[in-house]
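The following paragraphs lead through one model, from its surface to its overall dimensions. Please keep the sequence and the 3D view open while reading.

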Amino acid sequence: MWRLIKVLFFLIVLGGVGLIAYAYVGPLFFPGDFAAPTQEVTRPVTLETE
């Protein structure tokens, strides 16, 4: 049972390190996934006044 808990803990830590690495290195290899939208969006807004 203790071995299973250690393996699960190791996998959780490894997954966390992988997500952090993807956040830092991802924009270098996948710039399209991290790029901001390039379209300007304009929508009319109606404000109610009292």
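**A nonpolar patch and an aromatic cluster**

M1, W2, L4, I5, V7, L8, F10, L11 and L14 make up a nonpolar surface patch whose accessible area is about 1,000 Å² together. A patch takes residues with over 30% relative accessible area and no salt bridge, joining like charges within 9 Å and nonpolar side chains (Val, Leu, Ile, Met, Phe, Trp, Tyr) within 5 Å. A salt bridge here is a side-chain nitrogen of Lys or Arg within 4 Å of a carboxyl oxygen of Asp or Glu. Accessible areas are computed by the Shrake-Rupley method with a 1.4 Å probe, and for residues only the protein chains shown count as cover.

The model is predicted: local features need pLDDT of at least 70, side-chain atom pairs count only at pLDDT 80 or more, and totals for chains, interfaces and linings use all residues. Residues are numbered from 1 along each chain as its sequence is written, and side-chain values use heavy atoms, with hydrogens and water left out.

The protein chain has two helices and zero strands. Both kinds of element are DSSP runs numbered from the N terminus, helices (H or I) of at least four residues and strands (E) of at least two. L14, one of the patch residues, is found in helix α1, residues 2-29. L14 counts as partly exposed because its relative accessibility is 48%; buried means under 20% relative accessible area, exposed over 50%, and partly exposed in between (1.4 Å probe, protein chains only). L8 also belongs to the patch and lies in helix α1. With 44% relative accessibility, L8 is partly exposed. The C-alpha atoms of L8 and L19, eleven residues apart along the chain, are separated by 17 Å.

Two further residues of helix α1 can be located in the view. I12 is in this helix and, at 63% relative accessibility, counts as exposed. From I12 to A36, 24 residues along the chain, the C-alpha separation is 30 Å. G15 is likewise in helix α1 and is partly exposed at 35% relative accessible area. Its C-alpha atom is 49 Å from that of E48, 33 residues apart along the chain.

Next come the aromatic rings. A pair of aromatic rings is described by the distance of the centres and the angle of the planes. Rings of Phe, Tyr and Trp (its six-membered ring) pair if their centres lie within 6.5 Å; planes under 30 degrees apart count as stacked, over 60 as edge-to-face and the rest as tilted. The count comes to two aromatic pairs. Y22 and F30 have ring centres 6.3 Å apart and planes at 45°, so this pair is tilted. Y22 and F34 form a tilted pair as well, at 5.4 Å centre to centre with 50° between the planes. That pair links distant parts of the chain, with Y22 in helix α1 and F34 in helix α2 (residues 31-34), twelve residues apart. Y22, F30 and F34 form one aromatic cluster. Y22 is partly exposed at 39% relative accessibility, F30 is partly exposed at 43%, and F34 is partly exposed at 36%.

The last values concern the whole chain. Its C-alpha trace spans about 65 × 35 × 10 Å along the principal axes. The radius of gyration of the protein chain is 22 Å, whereas a compact globule of 50 residues would have one near 10 Å. That radius is taken over C-alpha atoms, and the globule rule is 2.2 Å times the number of residues to the power 0.38. Of the 50 residues, 2% count as buried. The accessible surface of the chain comes to about 5,400 Å², and 68% of this belongs to carbon and sulfur atoms.
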